[in-house]
Amino acid sequence: MPVTAIIGGQWGDEGKGKIVDLLSENVDVVARFSGGTNAGHTVVNSQGEFKLHLIPAGIFRPQANCIIGNGVVINPKVLLGEIDALKERGVGVDRLSISDRAHIIMPYHILLDELEETARGSSAIGTTKQGIGPAYMDKSARRGIRLGELIDRDLFGKRLKGFLEFKNRVITRVFGAEPLSFDEIFEEYCGYADRLGPFAGETSSLINDALDQNKFVLLEGAQGTMLDIDFGTYPYVTSSPPTAWGACLGTGLSPKRIDNILGVFKAYTTRVGGGPFPTELTDQLGEEIRNRGKEYGTTTGRPRRCGWFDGVAARFAARLNGFTGMVITKFDILDTFPQIKICTGYELDGKVLGTMPVNTDILETCTPVYEELPGWQTDTSAIQSYDALPQPARQYIKRIEEIVGCPVDVTSIGANRDQSIIINPV
Ligand code: GDP
Ligand code: IMO
Ligand code: MG
């Protein structure tokens, strides 16, 4: 597996952090390629439990060089806090490199995320308010500040002056809020620049050089395919591509070089924030999944909306990304249910749609068509092999494979690195 991309197959929080930590044992480079501190990746291993927002989950493997790619938007304060917290807990960060092309989240991005969400009223996206959308907007508008500019004090000052003047006009005249101070931001961010400078570099060369030497590379996705800016449930999406093509875009890697694309899915579905969610369970059953799965946001603490596995969305995600295999996480959470449902179609006006409708208002009126399978009602959390899984559990995996059209390579039966069943070696 010279290059494997780990991609969220649903609406995020599928357990990508756990899987990257698991699969990075013999990997030389682990690179994050999209999103920012909207991501919260949980890792539980012999060193403890960690919640990462920007640093790749390969950081616990002593041989792995970790890269924050050009496609990531960086909140320097959070990143430095994460570096310090890891060091305090004995996790070295000397092998971390950050792309000098990565864009920086500025205080006005965070403020505008908040102001824009408030202005949206009842149609708010439910963003993480981390400034993600406004930062990617500025990147596309060619008004962003990249790490390479932040660490050049004169250039940074010049660019910040021009951009802040414009942003303050928007903040005061459009939203009627207080302007931000140039001096305060400049001083604060120059401090961050001094500390981040040593990590900055041209990271696409690091990855391509590693591949030229036949080394193993893992690309760590954030968010999930249904939050993709183009193919997700627009406008209830994030502002970057969390998909296989995002992995190329956000690292500087040719699509030709990616060998395996692993889609990570929960055995059910969750979503945090607004937007359509066809298989959502708003009843006691949904509450039970939330409680058993501890489904509360890693970044914001918000309760996650929960529902059955959505085979239509999963198949759509698998085809778009070209998944070569799937990972099914949180399998253990379904251990107690006597019956388990899988959505195989969306019904609209008496017709069953086989794929995702483009407009969210249509998706909102669709009724899921379910297939019901028997539950296994057995504790799977200590099971070591696929063959040792109860028969109904294997039947559930097989049915997911058929519906999604992709083999399941790994099943996760607990948060810990060791609670993983490798079905096909990745
Ligand atoms: P990510 O954003 O995709 O990395 O996922 P999160 O870390 O936000 O959310 C996944 C949550 O499920 C975390 O709390 C993980 O520790 C936990 N988790 C991951 N895999 C499993 C599993 O197989 N079983 C259980 N019970 N928990 C898991
Ligand atoms: P990980 O990497 C789950 C959701 C937000 C909101 C929408 C837009 O942990 O899987 P944004 O702040 O990105 O503008 O919010 O996207 N969202 C996530 N949901 N997991 C994530 O990341 C998410 N990152 C963004 O809740 O609905
Ligand atoms: Mg998460």
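I began at Lys18, where a polar atom of the side chain lies 3.0 Å from the backbone oxygen of Asn416, a polar contact being a pair of N or O atoms within 3.5 Å, with one able to donate a hydrogen and the other to accept it within protein, and with residues adjacent in sequence counting only if both atoms are side-chain atoms. I note that this is a predicted model, in which local features need pLDDT of at least 70 and side-chain atom pairs count only at pLDDT 80 or more, while totals for chains, interfaces and linings use all residues. Residues are numbered from 1 along each chain as its sequence is written, ligands are numbered from 1 in the order in which they are written, and side-chain values use heavy atoms, with hydrogens and water left out.

I then looked up the side chain of Ser412, with which the Lys18 side chain makes a polar contact at 2.9 Å.

I turned next to ligand 2, where an oxygen atom is 2.5 Å from an N or O atom in the side chain of Thr128. I also found an oxygen atom of ligand 2 at 2.8 Å from a polar backbone atom of Gln223, and an oxygen atom of the ligand at 3.0 Å from a polar backbone atom of Val272.
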